[in-house]
Amino acid sequence: MKQKIALLVLLLVQGLSAQDGYKLWLQYSKIEQPQRAEQYTAYNKNLKLDTGSATAKVIHEELNTAFEGMLNLSPELNGDAPGLLILKTSALPEKLQNQFKALEDLPEDAYAIRATRLDKRDVIVISAASEKGLLYGTFAYLREMQQHKDLSQLDITDAPKIKKRLLNHWDNLDRTIERGYAGFSIWDWHLLPNLIKEEYIDYARANASIGINGTVLNNVNASAYILQDDYLQKVKALADAFRPYGIQVYLTARFSAPLEIGGLQTADPLNAEVQNWWNEKAKEIYTLIPDFGGFLVKANSEGQPGPNNYGRSHVDGANMLAEAVEPYNGIVMWRAFVYSDEKPEDRAKQAYSEFVPFDGKFKDNVLVQVKNGAIDFQPREPFHPLFGAMPETPLMMEFQITQEYLGGMSHLAFLPKLFEETLQADTYAKGAGSTVAKVVDGSLTNTQLTGMAGVSNIGNARNWTGHPFAQANWYGFGRLAWNPELSAKTIAEEWLAQTFTPNPEFVKPMTSLLLDSREAVVNYMTPLGLHHIMAEGHHQGPGPWVKDLGREDWTSVYYHKADSLGIGFDRTSTGSDALAQYAPEIEKAYENIETTPQQYLLWFHHVPWDYKLDNGETLWYNLARKYQDGVEEVEAMINTWQEMKPYVGEQVYEKTRMLLSIQLEEAQWWRDSCLLYFQQFSNKEMPEFIPEAKHTLDYYQSIRDPYAPGIKPSWD
């Protein structure tokens, strides 16, 4: 009994001590196990580190913070007989250098961590060719400690598989955030450049800890004002703060800036005055910020200006900007999220049709930034057909970390599972095994410039992301941008252990909860391949009835095409033929309704209501079953969370409990409203496992939410 009581006390101490959401996964909670604490103290009480540079100083500060929290230890710096050595490979004692020779053939950000012997004593060595590598290695070492790993067995060599690992902030200059669900922007433009907030440093720490090395500060629906001198001074202040953490700043460039702030009469990319304007603007920026990363551009999409306005191509626009930043080693990330205002073509086809003819024509410092799917960050989409279709062009993955279509601030959805699903999908571009991950990391086509972007879910909420578990999506994106082969399971285990407690009684059930959570959202929102059936504009809640908007492909009815015969979008050869944009192996399998994976059934086929699926039940039955499964899966999440109460602090427990109750209500709302709506077309009885809806279809269709979060407000 005494042992059980002691264990419970230990669990409570561990849980309660690691609950400050502001600290994210850098909690550095006290190590309570005596054996681990003794081992960690022995290795870390004496540290060898050259603190002569800004990056080395932040390494030292991070170690002091971590060791104080975990061990109540202030390590001696550069004393005799250090137990922890953090040194560039060139500065290692000669007797250790052979152990780290593998780093010579790896990128400069690579690092190695090894438990070894030096002068007859046990030591830990963190080494790299660069200071950034030492920084990443230090955070990796602290990650092992936070998970209570045995340091005596450490033998890690790691390097990023992707060069440009960026957050994209959809933050506006008035501090609103498009598709932001965690408050206002953390960038306080009015007080910059003179006030550098603590949050900016902690933001940089968090990103460096997971290998993110770049940030785009402003919205893709950009304001040209960010390129004016007064704002560039503010951008410089952020760049200076982030530099020691290995983070470059980038800006979204509004294509029409030469007209709006430059006094020109055109923004034609082939106009010499326009080209000169951008050349001078690049020179101005790089004079202020020598390591400025470059430009992100959204052009000729959703009303944004671009080269098409002047009869020019995306290549013309991208290459003009690429030439402007090329002398400074800058890059241009040109978004492929475009769809024509005129063409009635299936929207899923348009980016492919627009960009594939330009393969190999972009300058070497241009990345074409492609969303993971061809529509728009849906809960589930097949991978974008551009991946594998442009072998001579670097393609940069764009994931959405913020949950625009997955419940916004209120739904727990572990998105690394979505990211993993996309990255491990096989494009067959060079035969079986040609995964999206291999396209993005350049290994499939020997591409040197590689990148991955994540649309940020960060705001000025105390815990950064609003929902306590949304932090895991930021963390998971960074880990996958570093290594797109990493499993979602590993990411979940790491994040849970660092953020809460490494106790397996907590980590194991919560890992299962996280891994299942995204599928639950798919089931109650967009089962069997349905997509884009959210409410109009803000995308909060169901809206399968949405129609009669300014564009047909902004409506829900365009995508689900429910009628008396069936439901789903025919993208086979008898429909839009979007399947022809994929490799023959995929086209052949998905052309046949019987060999199409069930999860994409209604994405590629218009399926009769009475069609029998593999389980022998009709489509209508299975559609209803998926909606109900989603609800029941949220109920299971609630039950699991209740059992986790001893392991977490009261505040985070209660907030998550209440958010899960909201998620359950909204899952029921999705189920009831969508099934009532689709029942009109199927003329089928509800299966007996579907409870009676709380309201009528008319009621659900009448719901309006003009002040839903995530959309830019109208101040007048």
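Author: This is a predicted model. We begin with a pocket: one reads its volume and then its lining. The second largest pocket has a volume of about 500 Å³. Its lining comprises 32 residues, and Ala535, His538, Gln540, Ile703 and Asp705 are the closest to its centre. Two elements, α21 (650–682) and α22 (697–702), each give two or more residues to this lining.

Reader: Which element supplies the largest share of the lining of the second largest pocket?

Author: That element is α21, with 4 residues. By class, the lining of the second largest pocket has 17 nonpolar, 9 polar and 6 charged residues.

Reader: What volume does the largest pocket have, and which residues lie nearest its centre?

Author: The volume of the largest pocket is about 580 Å³. Of its 31 lining residues, Glu178, Arg179, Glu302, Gly537 and His539 lie nearest the centre. Its lining divides by class into 11 nonpolar, 9 polar and 11 charged residues.

Reader: Let us turn to helix contacts. At roughly what angle do the axes of α14 and α15 cross?

Author: One reads the angle, then the handedness, then the residues. Helix α14 (residues 471–482) and helix α15 (residues 488–499) have axes that come within 10 Å and cross at roughly 130 degrees. Therefore α14 is oblique to α15. The crossing of α14 with α15 is right-handed.

Reader: Which residues of α14 and α15 meet?

Author: From α14, Gln471, Ala472, Tyr475, Gly476, Arg479 and Leu480 meet Ile491, Glu494, Trp495, Gln498 and Thr499 of α15. By class, this contact of α14 with α15 has 5 nonpolar, 4 polar and 2 charged residues.

Technical notes:
Residues numbered from 1 in each chain as written. Predicted model: local features only at pLDDT ≥ 70, side-chain atom pairs only at ≥ 80, totals over all residues. Heavy atoms only, no water. Axes fitted to C-alpha atoms, helices over the stretch in contact; angles between N-to-C directions. Parallel < 35°, antiparallel > 145°, perpendicular 65-115°, else oblique. Left-handed = near helix turned anticlockwise from the far one by under 90°. Contact = heavy atoms within 4.5 Å. Nonpolar A, V, L, I, M, F, W, Y, C, P; charged D, E, K, R; others polar. 1 Å grid on protein atoms, 1.4 Å probe; cavity = no way out; pocket = protein on both sides within 12 Å on 5 of 7 lines; lining within 4 Å. Points joined across faces, edges and corners; volume = space filled by probe spheres on them.
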